Amino acid sequence: MRINQTMRLAGSALVRNSMRSLLTALGVVIGVGAVIAMEAIGEGAKTRVAETFEAMGTNLLIILPGSSSAGGLQGGSGTQPTLTWDDLGAIENELPAVRTAAAVLRAAATVQSDEQNWTTSVVGTSPSYFTIRAWTTVLGRPFDQGDVDAGAKVVLLGATAVEKLFGRDADPVGQVVRIKHMPFQVIGVLARKGQSPMGQDYDDTAIVPLTTFQAKIQGGLSKFIGGVIFVSATAADQTARALSEITTLLRDRHHLAPGADDDFSVRNLAEIASAQQEGTRVLTTLLAAIAAVSLVVGGIGIMNIMLVSVTERTREIGVRMAVGAQPADILSQFLVEALTLSVVGGLCGVALGYTAARQLAARFHWPTIFRPEIVLVAMGFSALVGVVFGLYPASKASRLDPIEALRFE
Amino acid sequence: MTTGPSSVPLVELDAVTKIYRMGDVEVRALAGVTLSIARGDFVCVMGSSGSGKSTLMNVIGCLDRPTSGRYRLAGVDTSSMGRRQLAQVRNRLLGFVFQHFNLLPRTSAVENVELPLVYAGLSAGERRRRALAALARVGLAARATHQPSQLSGGQQQRVAIARALVNEPAVIVADEPTGNLDSKTSVEVMAIFQELWRAGLTVVLVTHEPDIALYAARIITMRDGRVLSDVRQTPADATAPAAAAAPAREQAAS
């Protein structure tokens, strides 16, 4: 028997019991729909995590000074300046896994424009900071080493700071703002970066040259860095090596005895990022696995109904065999029926999953990414479900004895 | 169908036995049957229930294989054939008519008749042409699109006969074809069998009703798995005025 004949036969058998076919296919619809939706949500979450960490900087490590301890009471990281300017120079120049490093000093200060004032996080740093954080300017220019050497009173504003001081989409380049009542010329506006993984607004900031910061905003000790050091490793897979190099170098420079605690700490952001990504991936896999279980349940539904169908149509099978149907004809007839149920269910499931993902994205502002190849995977899977769960009833039908099948009441 | 000489009988059983095992009990349904049926014969197999007539039917119809002995159909030994080969033989050489009609429900008469041709791999157009011709032969051309539920018992059995003859079989095998019909309709159905026989078809029919057996040309009586008697007779004419008018009435009504 030809395949188009078999397919027409399966189609008419399914249409004959349309309600039953619909309910049976529903199992696969929900299973495939759940897989598709979970994939889209998981993929979206993964991408958002990647984007968030991308925004923090490339191959980023942060060195924090150690803790102060007095009378057994230990302060937290950064409570005691232990990092020196010489340490910074050594990290920048001596370590092969380090591309560049920058000191980052930070203070909250009020910035005033002609009309508004806004308290923001003022950062003093060197030009390599922009490289480390992969942060570009959308207007004007970043400051350079010349500005740092000269202690120029120039400032770069983040997008949020511009909005608060000058209004949305204003061009403040060339204008003067006052920080702690001292005039600073705005030389650039930074590209929008969004939020940190902890929800802090990266764009609510004003960045001034390091020397200017020390001289005008918050004076510090001359030997120690009153802040943290941002380090960029040479490549993403070099962050762990950079971390161990920095640790060794600083312990050596700080003359720490073996076994003594570090008087600094290094955060490997790339590692945190990959841990976060791993977490998201595990969660996605878990959700997809649960969805896949529902697909299997759908498959069992198909098997169940196909077994019922084979029993119901025992006499029909007997007649078909009597008039010359080969066992293979009977097998393919029921297999194609099961396949039709699962593949049509799969197609509807793709549509349902896509719609559900879009709805969730719109309602809860979840990022969802719909990968076209997942449609093929889902269709392949539902076809597999059809074959796996259709094979037993179909082979049962094809192995019936024609005499007994004809006698079946 | 046959490639051998005409002297070779169409159906040839040689010491055929069929033994069923039901737990520990052995049932000898056929205890050594030797018989031959020539092309163009109209044979009626009679016997009480348990005589082995249905088993004989199943063997002749290639639905079942003998436990021992040889069965040749149209010169071909089918005793050692597998399921697939037997299916092919049924498709090419045999036509079946059952007591319970066994038409596919919710399927039109013409599609039911087409069924053997579907498995023979014929094109849709050829199937439809041949099926309509077979329906015309049993006087149901006008009912081609009706479903079994819309047909009377006699009409359903005539659709089944059309299905049995659509593949131009060597033998039509009928198992109690009148068992579910009233006596008047039974005669009508027998008239069709006689018509086919007169046109040259070989018919083997199983029944336990003596008045049905009157319409056959040869009566084989079975008992305890053996042939008890095998007699020729002049068949009664089922196409008597009342019965012969039935197909004509059918066409006029629709």
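In chain B, 70% of the contacts between residues at least 6 apart in sequence join residues at least 24 apart, where contact means C-beta atoms, placed from the backbone, within 7 Å. This is a predicted model, in which local features need pLDDT of at least 70, side-chain atom pairs count only at pLDDT 80 or more, and totals for chains, interfaces and linings use all residues. Residues are numbered from 1 along each chain as its sequence is written, and chains are lettered from A in the order in which they are written.

**Chain B**
- Chain B holds eight helices and 10 strands, taken as DSSP runs (helices H or I, at least four residues; strands E, at least two) numbered from the N terminus.
- The radius of gyration of chain B, over C-alpha atoms, is 18 Å, which agrees with the value near 18 Å for a compact globule of 254 residues; the globule rule is 2.2 Å times the number of residues to the power 0.38.
- The C-alpha trace of chain B spans about 55 × 45 × 40 Å along its principal axes.
- Buried residues (20 or more other C-beta atoms within 10 Å of their own) make up 48% of the 254 in chain B.

**Chain A against chain B**
- Contacts link 18 residues of chain A with 20 residues of chain B.
- On the chain A side, two or more residues each come from α1 (3–16), α10 (314–322), α11 (327–364) and α13 (402–407).
- Helix α10(A) gives the largest share, six residues.

**Nonpolar core**
- The largest nonpolar core has 182 residues, among which A:V155 and A:V231 touch the most other members; such a core is a set of buried Ala, Val, Leu, Ile, Met, Phe, Trp, Tyr and Cys residues joined through C-beta atoms within 7 Å.
- Helix α2 (residues 18–56) of chain A gives the most to this core, 16 residues.

Technical notes
Contact = placed C-beta atoms within 7 Å. Buried ≥ 20, exposed ≤ 12 C-beta atoms within 10 Å, placed from the backbone.
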